[in-house]
Amino acid sequence: MELNEIKERMHSGKLYICSDERISAEQTEALDRLYDFNQTRPTEEDKRKKMLKEMFAEIGENCYIEPPFHANWGGRNVHFGNTVYANFNLTLVDDTHIYVGDNVMFGPNVTVCTATHPINPDLRRKQAQYNLPVHIEKNVWIGAGSFIMPGVTIGENSVIGAMSVVTKDIPANVVAVGNPCCVLRKIDENDKKFYDKTRIIDI
């Protein structure tokens, strides 16, 4: 299969052989750059920002990723808006596109997956894979240890509780938790008055 066809399949949900040597060579080059990012010092924030602009498909202003950061393609298929914050051990399985809106927050140890494999074991033995894009809309907060599965969209303003496994789309303006992740409640007027149960917002 021609390299261009493999790349087209990577971004179209079609099966392809993920161990193709030509693809692996490109991936390794991206991972070398990611390795360099993870070796930077906390005082080298400007260097980190410059590197992320080179590594990512798109990245807005005021974004911060706390190393260590992990990504299958080093961020090559990742699109960040402005003011995205990621705590340590963010893992982006970016074999196809991951879209993240403005003001999104990732807690520690969050994993966002686009890559998956067929159920048929014969296909898996061939190292067949397919990828589905993930969309995380603006103002979303994803709690620590959560997993976002391939093809999922999380609507704007929503909160994903810690340790959740998001297997289906989550609508906007809700709190959702669990494995599998389900809507717990809507974000409402009460959330404009209280930041934690009976604790009044005073700023």
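The model is predicted: local features need pLDDT of at least 70, side-chain atom pairs count only at pLDDT 80 or more, and totals for chains, interfaces and linings use all residues. Residues are numbered from 1 along each chain as its sequence is written, and side-chain values use heavy atoms, with hydrogens and water left out.

The structure holds 1 cavity of 30 Å³ or more. The volume of the largest cavity is about 40 Å³. A cavity is a set of points, on a 1 Å grid over the protein atoms alone, where a 1.4 Å probe fits but cannot get out; lining residues have an atom within 4 Å of a point. Points are joined across faces, edges and corners, and a volume is the space filled by probe spheres set on them. The cavity lining consists of Phe-37, Glu-45, Arg-48, Lys-49, Leu-52, Cys-63, Tyr-64 and Ile-65. Helix α3 gives the largest share, 4 residues. Helices (H or I, at least four residues) and strands (E, at least two) are DSSP runs, numbered from the N terminus.

In α3, Arg-48, Met-51, Leu-52 and Met-55 are buried (under 20% relative accessible area; exposed is over 50%, partly exposed in between, with a 1.4 Å probe and protein chains only). The buried residues of α3 fall within an arc of 100° seen down the axis, so they line one face of the helix. The arc is that of the directions from the helix axis to the C-beta atoms. Asp-46 and Lys-50, on the other side of α3, are exposed.

Aromatic pairs number 5. Rings of Phe, Tyr and Trp (its six-membered ring) pair if their centres lie within 6.5 Å; planes under 30 degrees apart count as stacked, over 60 as edge-to-face and the rest as tilted. Phe-56 and Phe-80 pair edge-to-face, at 5.1 Å centre to centre and 75° between the planes. Phe-56 sits in the loop between α3 and β2, Phe-80 in strand β4, 24 residues apart. Both Phe-56 and Phe-80 are buried. Tyr-64 and Tyr-85 are stacked, at 5.9 Å centre to centre and 5° between the planes. Tyr-64 lies in β2 and Tyr-85 in β5, so this pair ties together parts 21 residues apart in sequence. Tyr-64 is partly exposed, at 24% relative accessibility. Tyr-85 is also partly exposed, at 32%. Ring pairs also link Phe-37, Phe-56, Phe-69, Phe-80 and Phe-106 into a cluster.

An open sheet is formed by 5 strands in the order β3-β6-β9-β14-β17, with parallel pairing. Two strands pair if DSSP finds at least two bridges between them. The edge strands, β3 (69–71) and β17 (165–166), each pair on one side only. Strands β14 and β17 pair over 2 bridges. Ile-148 has Val-166 of β17 as its bridge partner.

The largest pocket has a volume of about 540 Å³. A pocket is an open set with protein on both sides within 12 Å along at least five of seven lines. Its lining comprises 18 residues, with Val-159, Val-175, Arg-185, Ile-187 and Asp-191 nearest the centre. Strand β20 gives the most to this lining, with 3 residues. The pocket lining divides into 8 nonpolar, 4 polar and 6 charged residues.

Note on methods:
Ala, Val, Leu, Ile, Met, Phe, Trp, Tyr, Cys and Pro count as nonpolar, Asp, Glu, Lys and Arg as charged, and the others, Gly among them, as polar.
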